Amino acid sequence: KKESVLTLVKKILFVSTPITLSAIMSTLNKNIDSITVVRGLKKFLSEAEAKAQYGILSGKVDTLTTLPLSFNIAFATALVPYVSSAIAKGEKENAGKRISFSILVSILIGLPCTIGMMVFSEQIIGLLFPNATNGALLLQVTAVTIIFSVLAQTVNGALQGLGKIMVPAITSTIGLLVKLFMNIKLIPIPEIGVYGAAIASIVNNIVAFGLSYIVLAKTIKLNLEFGKCVIKPIIATAIMGICSYYLYFILSGIIPTRIVTIIAIVFAVIIYLLAVVALKILSKEEIKMIPYGTKIVKMLEKLGIYAKEVE
């Protein structure tokens with residue numbers, strides 16, 4: 001039926017406002033640090049030293065740890081229309097399968113990024129910031145947030161597609177309040193200092209993701225096998241980390257450090273992809289969901305990794 005402009009505007013605002021609010025919450029996360037970090041550090045450091053510590057956190061660490069989100073956002077964004085369309089057609093099982101697949105992909109993206117930045121924190125900072133190499137340990141600690149922020153991004157996209165548009169905004173707000181409280185309490189402690197902000201960010205993302213996931217699991221049936229979604233990705237990531245670091249260790253001193261770092265990172269990506277394929281973490285049906293998936297499946301069938309379908 002024909003609806004008035006006012007009715008349509010109300011519907012659009014009803015959907016867009018909570019989604020916009022969720023996006024604002026992620027921005028406020030950085031604003032909390034800008035307000036609390038320097039103020040807390042000044043209780044035992046000079047203002048110049050406090051600002052320098054905050055500069056490392058905001059200019060280096062936050063920039064690097066938010067980078068993986070840009071790789072994952074395609075899956076999170078695509079979930080919203082797909083899931084809402086599937087639910088409207090009464091295809092709840094298909095929606096659950098697609099959400100489960102997207103969560104698995106987020107794990108496969110977030111886990112190696114987390115471990116990679118922890119293992120090569122010093123090398124990455126040295127490569128990108130050759131004139132200011134401080135902050136490796138802070139990056140190692142903060143890198144733990146990557147896996148949870150990536151998962152939260154995907155889970156929130158699924159919730160929005162399911163019509164639970166207020167849930168991501170609420171869980172993000174709760175996470176931010178936890179971070180604000182922890183920043184205020186931890187940063188002024190001399191033994192913790194700026195690492196308090198990193199710890200608070202970890203807890204913030206765990207809380208926000210955990211609460212959103214609980215709601216999602218209660219809303220729709222998910223097919224997430226522990227071995228497939230946790231054990232195998234951990235094994236693939238461990239293989240990647242060990243092999244790439246061993247290569248870095250062998251080449252160090254032979255060729256310049258910056259070149260060794262680039263080679264080791266590229267090698268890590270290749271080894272990780274091979275490990276994911278070798279462990280068969282993704283089924284043929286799941287591979288077909290990604291771009292050029294059908295061609296990839298045919299290639300893997302020719303290599304004998306997956307059995308060919310009987311016609």
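1. At roughly what angle do the axes of H7 and helix H8 cross? In this predicted model, the axes of H7 and H8 (residues 195-219) come within 8 Å of each other and cross at roughly 155 degrees. Because angles over 145 degrees count as roughly antiparallel, H7 is roughly antiparallel to H8, and H7 passes H8 in a right-handed crossing.

2. On the H7 side, the residues that make this contact include Val167, Thr171, Ile174, Leu176, Lys179 and Leu186, while those on the H8 side include Ala197, Ile199, Val203, Val207, Leu211 and Val215. By residue class, the contact of H7 with H8 divides into 14 nonpolar, 8 polar and 1 charged.

3. Helix H6 (residues 144-161) also meets H7 (residues 166-186), with axes that come within 8 Å and cross at roughly 145 degrees. Here Asn156, Leu159 and Gln160 of H6 are in contact with Val167, Pro168, Thr171 and Ser172 of H7, and the residues involved divide into 3 nonpolar, 4 polar and no charged.

4. Helix H2 (residues 47-88) packs with H6 at an angle of about 15 degrees, their axes being 7 Å apart, which means that H2 is roughly parallel to H6; the crossing of the two helices is right-handed. Among the contact residues are Leu69, Ile73, Ala76, Leu79 and Val83 of H2, together with Ile146, Val150, Gln153, Gly157 and Gln160 of H6. The residues of the contact of H2 with H6 divide into 10 nonpolar, 10 polar and no charged.

Note on methods. Residues are numbered from 1 along each chain as its sequence is written. This is a predicted model: local features need pLDDT of at least 70, side-chain atom pairs count only at pLDDT 80 or more; totals for chains, interfaces and linings use all residues. Side-chain values use heavy atoms; hydrogens and water are left out. Axes are lines fitted to C-alpha atoms, for helices over the stretch in contact, and angles run from 0 to 180 degrees between N-to-C directions. Helices (H or I, at least four residues) and strands (E, at least two) are DSSP runs, numbered from the N terminus. Contact means heavy atoms within 4.5 Å. Ala, Val, Leu, Ile, Met, Phe, Trp, Tyr, Cys and Pro count as nonpolar, Asp, Glu, Lys and Arg as charged, and the others, Gly among them, as polar. Angles under 35 degrees count as roughly parallel, over 145 as roughly antiparallel, 65 to 115 as roughly perpendicular and the rest as oblique. A crossing is left-handed if the near helix is turned anticlockwise from the far one by less than a right angle, and right-handed if clockwise.
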